[in-house]
Number of protein chains: 2
Amino acid sequence: MNRVPLVKKVLSENARIAAELRERFLEHDILCLNILGSPGAGKTSLLERTLQGFAPGDRVAVLTGDIQTDNDAARLARFGFPVRQITTGGTCHLEAKMIERALEVWPLADLDVLFIENVGNLVCPAGYDLGETSKVVVLSAAEGDDKPLKYPSMFFKSSLMVLNKIDLLPHVAFDVAAARTNAHRVHPGMDVVELSCTTGEGFDRWRDWLHKQRELRDAEMIAGIA
Amino acid sequence: MNRVPLVKKVLSENARIAAELRERFLEHDILCLNILGSPGAGKTSLLERTLQGFAPGDRVAVLTGDIQTDNDAARLARFGFPVRQITTGGTCHLEAKMIERALEVWPLADLDVLFIENVGNLVCPAGYDLGETSKVVVLSAAEGDDKPLKYPSMFFKSSLMVLNKIDLLPHVAFDVAAARTNAHRVHPGMDVVELSCTTGEGFDRWRDWLHKQRELRDAEMIAGIA
């Protein structure tokens, strides 16, 4: 089948742009997180509550991707930080060139943290490096504890699994221990944070994780300069 | 960009095989439903409860697609009807040739209803015709009422939206009327059935819809012969 060479070409072009982005993020000491998950897993809700926790002067921004609508950008812009919507118009994932283009209007020197909210899709976005520091996969307790085994690539490539909607645990057949075990079967040692974006329970653990990533990022930059 | 001709070629090959499948399904008076939705929307649960409602001698079968694992086939095989797992090994959707291959072992003359459970993905499967009589999209109340607007292609192409997990409505910020309005904005006149695969509430409406589709299918076959 002659599909492979072309897919390879698209992916190698993506890898080249992603490598350039990664270099630029490192140069400016920017922590860039690529937030992934199914439609409705709670990616936008996670970012809403996260932005709420930043102080007005904090240097944080969001790129948010969707097939259609700029609903998410509207939701996220309320917190006063720079937000841009990337509408893919049908494409099932974000690509590095979309990030490169969206960042043209923002001086990277003004940023410390960049969140990229990917298209809601537990499959395709895993294949496209965006130059991020880390991938974070959001799994909702309403989705089922078997998802890491069924969509292994996404969980293998993510540094953290955010187990969201724990407020629904009394109402759904979701086994948290099984979800952790399944995540660790495809990705041993993966970080896991349980939280609810609705009640805020567990949110301090997510903030601690973010804080640790920023410290690691700083250490990485210092190591790069040294 | 030279991606388009290749995608066109893959899609035209898919369309050719899908047309052949559609012809065969019509010839054998088979109602074939392509069940779509996000990971965790409840596609397998819908089929579990649906199979439970069939009588032992009913001529019904299921093909179930996943990236990895045959968990769903194991869940569905308990009801005694023929079930086959299609493991795509990374591909984010089912394609007509996978259906063609999976059906090689089943005489179509033995079937009245064929359910195809697609890969959990609200984007890519919409682009691949499987020769089905109709597409059915399952949206869970945990996912958010904005999803039809964000993933319009899936809702535009589906004949029915099953609004699942209505038992969770007291616990989530989901506006049923908004979900209906959003579905009808992208697909005016689309059928909508609200139900819970957990409690069984509303399941009679889904069975009625199924029954109506089988009557329409029979009428279509008779019209084709006449």
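This is a predicted model: local features need pLDDT of at least 70, side-chain atom pairs count only at pLDDT 80 or more; totals for chains, interfaces and linings use all residues.
Mentor: Residues are numbered from 1 along each chain as its sequence is written, chains are lettered from A in the order in which they are written, and side-chain values use heavy atoms, without hydrogens and water.

Trainee: How many residues of chain A are in contact with chain B?

Mentor: Contact means heavy atoms within 4.5 Å. On the chain B side, 39 residues take part. The number for chain A is 40.

Trainee: Which residue forms a salt bridge with B:Lys150?

Mentor: A salt bridge places a side-chain nitrogen of Lys or Arg within 4 Å of a carboxyl oxygen of Asp or Glu. The rule finds four of these across the interface of chain A and chain B. For B:Lys150, the closest N and O atoms are 3.9 Å apart, and the partner is A:Asp66.

Trainee: Which helix of chain A gives the most to the lining of the second largest cavity?

Mentor: A cavity is a set of points on a 1 Å grid over the protein atoms alone where a 1.4 Å probe fits but cannot get out, and lining residues have an atom within 4 Å of a point. The second largest cavity is lined by residues including A:Val10, A:Glu95 and A:Tyr128. Helices are DSSP runs (H or I, at least four residues), numbered from the N terminus. With four residues, the most comes from helix α1 (residues 3-27).

How values were computed. On a 1 Å grid over the protein atoms alone, a cavity is a set of points where a 1.4 Å probe fits but cannot get out, and a pocket is an open set with protein on both sides within 12 Å along at least five of seven lines; lining residues have an atom within 4 Å of a point. Helices (H or I, at least four residues) and strands (E, at least two) are DSSP runs, numbered from the N terminus.
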